[in-house]
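Subject: Structure handover and notes

Dear colleague,

I am passing on the structure below, followed by notes on what was found in it. Please read the notes with the model open beside them.

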Amino acid sequence: MHLNLNELSLKDLKDLQSQVAKAISTFEDRKKKEALADLEDRARSLGFSLAELTGATVSRKRAPATAKYGNPADPSDTWSGRGRKPRWFEAALNAGKTPEDLAI
């Protein structure tokens, strides 16, 4: 395919640029999906699933974290110790409390 870019209008060039950018961004994803489908077919033809051969688990869901710390001002406000510290926890630490003081 040969395209004379000098004959295209600015709008046509920008449309072409947009189409090329989209094609480039989706190219790798398309190739990965094709390769995965080919591998799954090959594994199935041998009597296995791809997950069995690779040792991959289908999905692993994390159990909800249990509360470890409680807000002294509001007992319903708790924190598991995971993620960012809540403001009330930081304020209590700055006021001289220890994490053990806030433990449930």
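Between which helix and which strand does the loop that holds Ala67 lie? Ala67 sits in the loop between helix 2 (50-54) and strand 1 (69-71), where helices (H or I, at least four residues) and strands (E, at least two) are DSSP runs numbered from the N terminus.

Before the details, a word on the basis of these notes: this is a predicted model, in which local features need pLDDT of at least 70 and side-chain atom pairs count only at pLDDT 80 or more, while totals for chains, interfaces and linings use all residues. Residues are numbered from 1 along each chain as its sequence is written, and side-chain values use heavy atoms, with hydrogens and water left out.

As for confidence, the protein chain averages a pLDDT (the predictor's confidence in each residue, from 0 to 100) of 90, and 96% of the residues score at least 70. Among the elements of the chain, the lowest mean pLDDT, 86, belongs to helix 2, and the highest, 94, to helix 3 (residues 87-94).

To return to Ala67, its relative accessibility is 39%, so this residue counts as partly exposed; here buried means under 20% relative accessible area, exposed over 50%, and partly exposed in between, with a 1.4 Å probe and protein chains only. Setting aside neighbours within four places in sequence, Ala67 is in contact (heavy atoms within 4.5 Å) with Thr78, Trp79, Ser80 and Ile104. Ala67 and Leu39, by contrast, are 28 residues apart in sequence and 43 Å apart in space, C-alpha to C-alpha.

Ser80, one of those contacts of Ala67, lies in the loop between strand 2 (74-79) and helix 3, and it counts as buried because its relative accessibility is 17%.

Turning to the rings, a search of the whole structure finds four aromatic pairs, which are Phe, Tyr and Trp rings (for Trp, the six-membered ring) with centres within 6.5 Å, classed as stacked for planes under 30 degrees apart, edge-to-face over 60 and tilted for the rest. Trp88 and Phe89 form an edge-to-face pair, at 5.9 Å centre to centre and 80 degrees between the planes. Trp88 is buried at 14% relative accessibility, and Phe89 is buried at 3%. Ring pairs link Tyr69, Trp79, Trp88 and Phe89 into a cluster.

With best wishes
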